[in-house]
Amino acid sequence: MLLHPAVQGKLDSIFATKRLFRQDLDQKALVALSRLSPEVGVKLLSCLDGQDSASVKNLSAYFMGIMKRGVVSTENLPDLSVEQYPCTLDSRVQAVIDSFCGVGILERMQIDEMFIQRLAGFHPDEALVILQELLDSDLDRVDNTTAFTMGIIKKHRGQARGQFGSGPAHSSGRSSAIPRSSAPRAPRGAPEGLVPLLHPAVQGKLDGMFAARLVERGDLDQAVLEQLSTLHPDVALACLERFEMRNLSDVRNKAAFLTSVMREKAEEFRSTPAPCFDWDASAANALLPPSVQALLDENFRTKKVERRDFDQRLMEMLASVPEDVVMPALDQVFSNRTDDVRNMSGYVTSIIVKHARAKR
């Protein structure tokens, strides 16, 4: 799931009152919310819910402003429990919807309360089958993906009881229809605002492992990092800690090994809560500024360049150069054709040096 279950539950409870609508908060606002501690997130949502927002034209921008200003005190934060803030959807179903929105298969602005409530009416296994059917469809020919999904829901209505039983929607039963960590399909258009692929705490943990040479950047491919990005930060950090504890010198395919660790931990944390990590301490180890990391992640995703092209030495150089030099230099790199570049690290270095000299 993109959001902590308590934060998602608090959001769902606000949507249920109709004081806010699901279309009011876009993907960028929810990603920003996901980076706050759950306690602060719930308190900020309570603050938003208490505002008279009837005259606010852009609630996403308004909420982003609230988050940036940090208008809530870190004292007297609420004690969170999943029971206190129950989610409308099963966590596995919510996680798949979040991943669909993250890569552009669904648009947050198209998801209304009726869509969520109808999906919540299915057993989670059947809901995952519905989303899998959406994923397998030729969406390039679909003008309104949400309406198309509603058609799939209508088709499946009446079949759920016979095939999956009429148990509670929030079952903890296992399903293999769509893995929790799936990263389905690349978006058809570039995102409005670039954000780093990984949560800052997870990126910081990885960067620390790269710096210690426990693993090389080229060892972990785009697919495994996208899978890691869909996990809650505490679960992702637990996976990386388990990965780090293993003697990796005899592991040939480290990406496949990390994937197996994620699968193992996902099973474990279905029955026991994930440990809590110090996100700020881990995020402090992040090598690059978020804007630089986000620009790299976007171009790795679109295959403009490969992750293995940016080795540790080059990444450390990017970290040592001012951001106002690095960003235009990378923009130039990614706007040029790089098919014939044999030494990407050398090529990127030369462009950064040119921009640094021009800045003097």
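Asn 299 is found in helix α15. In this predicted model, Asn 299 is buried, with a relative accessible area of 10%; the cut-off for buried is under 20%. Leaving aside residues up to four places away in sequence, Asn 299 touches Lys 304, Val 305 and Phe 334.

Helix α15 covers residues 290–301 and packs with helix α17, residues 323–335, at an angle of about 10°. Their axes are 10 Å apart. Angles under 35 degrees count as roughly parallel, so α15 is roughly parallel to α17. On the α15 side, the contact is made by Ser 291, Val 292, Leu 295, Leu 296 and Asn 299. On the α17 side, Glu 323, Val 326, Met 327, Leu 330, Asp 331 and Phe 334 take part. The residues of this contact between α15 and α17 comprise seven nonpolar, two polar and two charged.

Gly 204 is another buried residue, with a relative accessible area of 0%, and lies in helix α10. Gly 204 touches Ser 282, Asn 285 and Ala 286, not counting residues up to four places away in sequence. Between Gly 204 and Leu 237 there are 9.9 Å in space, C-alpha to C-alpha, and the two are 33 residues apart in sequence.

| Residue | Helix | Relative accessible area |
|---|---|---|
| Asn 299 | α15 | 10% |
| Gly 204 | α10 | 0% |

In soluble globular proteins, nonpolar side chains tend to be buried together. The largest nonpolar core here has 28 residues. Within this core, Leu 206, Leu 220, Leu 228 and Phe 243 have the most contacts. Two or more residues each are given to this core by α10 (200–211), α11 (222–229), α12 (233–245) and α13 (254–268). Helix α12 supplies the largest share, seven residues.

What does Leu 220 touch, not counting residues up to four places away in sequence? Its contacts are Leu 206, Phe 210, Val 215, Leu 225, Phe 243, Lys 254, Ala 255, Leu 258 and Arg 307. A second, separate core of 25 residues includes Val 96, Ile 105, Leu 134 and Met 150.

Helix α2 spans residues 27–34, and its buried residues are Ala 29, Leu 30, Val 31, Leu 33 and Ser 34. Among the elements that cover these buried residues of α2 are α1 (5–16), α3 (38–50), α4 (59–69) and α14 (279–283).

Note on methods
Residues numbered from 1 in each chain as written. Predicted model: local features only at pLDDT ≥ 70, side-chain atom pairs only at ≥ 80, totals over all residues. Heavy atoms only, no water. Axes fitted to C-alpha atoms, helices over the stretch in contact; angles between N-to-C directions. Helix = DSSP H or I, 4+ residues; strand = E, 2+ residues; numbered from the N terminus. Parallel < 35°, antiparallel > 145°, perpendicular 65-115°, else oblique. Contact = heavy atoms within 4.5 Å. Nonpolar A, V, L, I, M, F, W, Y, C, P; charged D, E, K, R; others polar. Core = buried A, V, L, I, M, F, W, Y, C linked by side-chain atoms within 4.5 Å. Buried < 20%, exposed > 50% of the residue type's maximum accessible area, 1.4 Å probe, protein only.
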